[in-house]
Amino acid sequence: MTKTHVILKRLRAAGSAANVAGMARYGIRPAKAYGVATPVMRSIAKELGRDTELASALWSTGVLEARIAATMIADPLRIPEEEAERWVREFDCWSVCDSACIGLLWKTPFAWRKVREWSRRTPEYERRAAFALLAGLAVHDKRATDKQFLAALRLVTKAARDDRNFVKKAVNWALRQVGKRNAELCVAAIEVAEALAASVSRSARWIGHDALRELRGRSAL
């Protein structure tokens, strides 16, 4: 029995149908899932340590929990760009998308380029990945410059008319996180949000109004 099969066996034993049903209520409906609690996946990932080759094998199983474990054990400095591209093309729910972007991909040397590239993609989860990744960079990338985030706000404006649920929520998330990075970016994000709130696009208006509720409160601090 391979290491991948051993891990799948552990995950399957730790899952429950009730958890799978609970995930569905939150819009998490992957092709395959066992219903494993996040602390269990983290515990298994901690035991495994960094292993990009194993991460690739776990991803290939198509099982939600195995894929989330893969995002926890892959080395961001060793994962090939083509492997990251394979993953993003195969995202089938927001939880795996966000786990990959927030836990792993923001640390890769190609993260900023992928924000730009994926923001131009058509598939829902590929475009979501661009903005989940941007949100992660806004929180974690301490070396990034305001200039990089100001350029990224233009991508937010372009994508804000996409009314697909998992795209618009990620665009909103990215806008708010950029605005929370510092006072200068907060001002810039509020300007973007105000323009979106006045848009003819329903999704852009929703994004703008929702972001303003949080950002205006921060700018007054």
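Predicted model: local features only at pLDDT ≥ 70, side-chain atom pairs only at ≥ 80, totals over all residues.
By class, the contact of α9 with α11 has 14 nonpolar, two polar and four charged residues; Ala, Val, Leu, Ile, Met, Phe, Trp, Tyr, Cys and Pro count as nonpolar, Asp, Glu, Lys and Arg as charged, and the others, Gly among them, as polar. Residues are numbered from 1 along each chain as its sequence is written, and side-chain values use heavy atoms, with hydrogens and water left out. Local features need pLDDT of at least 70 and side-chain atom pairs count only at pLDDT 80 or more, while totals for chains, interfaces and linings use all residues.

The axes of α9 and α11 lie 8 Å apart at an angle of about 15 degrees, which makes α9 roughly parallel to α11. Here axes are lines fitted to C-alpha atoms, for helices over the stretch in contact, with angles from 0 to 180 degrees between N-to-C directions; angles under 35 degrees count as roughly parallel, over 145 as roughly antiparallel, 65 to 115 as roughly perpendicular and the rest as oblique.

Helix α9 (residues 124-140) also packs with helix α10 (residues 146-159): their axes come within 12 Å and cross at roughly 150 degrees, and the two helices are therefore roughly antiparallel to each other. In this contact F131, L134, L137 and A138 of α9 face F149, A152, L155, V156 and A159 of α10, and the residues divide into nine nonpolar, no polar and no charged.

Leaving aside neighbours within four places in sequence, L134 is in contact with W112, V115, F149, A152, V156, A174 and V178.

Not counting residues up to four places away in sequence, E126 touches V88, R89, W118 and R121, and the C-alpha atoms of E126 and V88, 38 residues apart along the chain, are separated by 5.8 Å.

Turning to α5, nine of its 10 residues are buried, so α5 is largely enclosed by the rest of the structure. What covers its buried residues includes α1 (3-14), α2 (17-25), α3, α4 (52-60), α6 (81-90) and α7 (94-103). With α3 (residues 38-48), α5 (residues 64-73) packs at an angle of about 45 degrees, the axes being 9 Å apart, and that makes α3 oblique to α5. M41, R42, A45 and L48 in α3 meet E65, I68, M72 and I73 in α5, a contact with six nonpolar, no polar and two charged residues.

Helix α7 is mostly covered, with seven of its 10 residues buried, and its buried residues pack against α4, α5, α9 and α11 (165-179).

Notes. Helix = DSSP H or I, 4+ residues; strand = E, 2+ residues; numbered from the N terminus. Contact = heavy atoms within 4.5 Å. Buried < 20%, exposed > 50% of the residue type's maximum accessible area, 1.4 Å probe, protein only.
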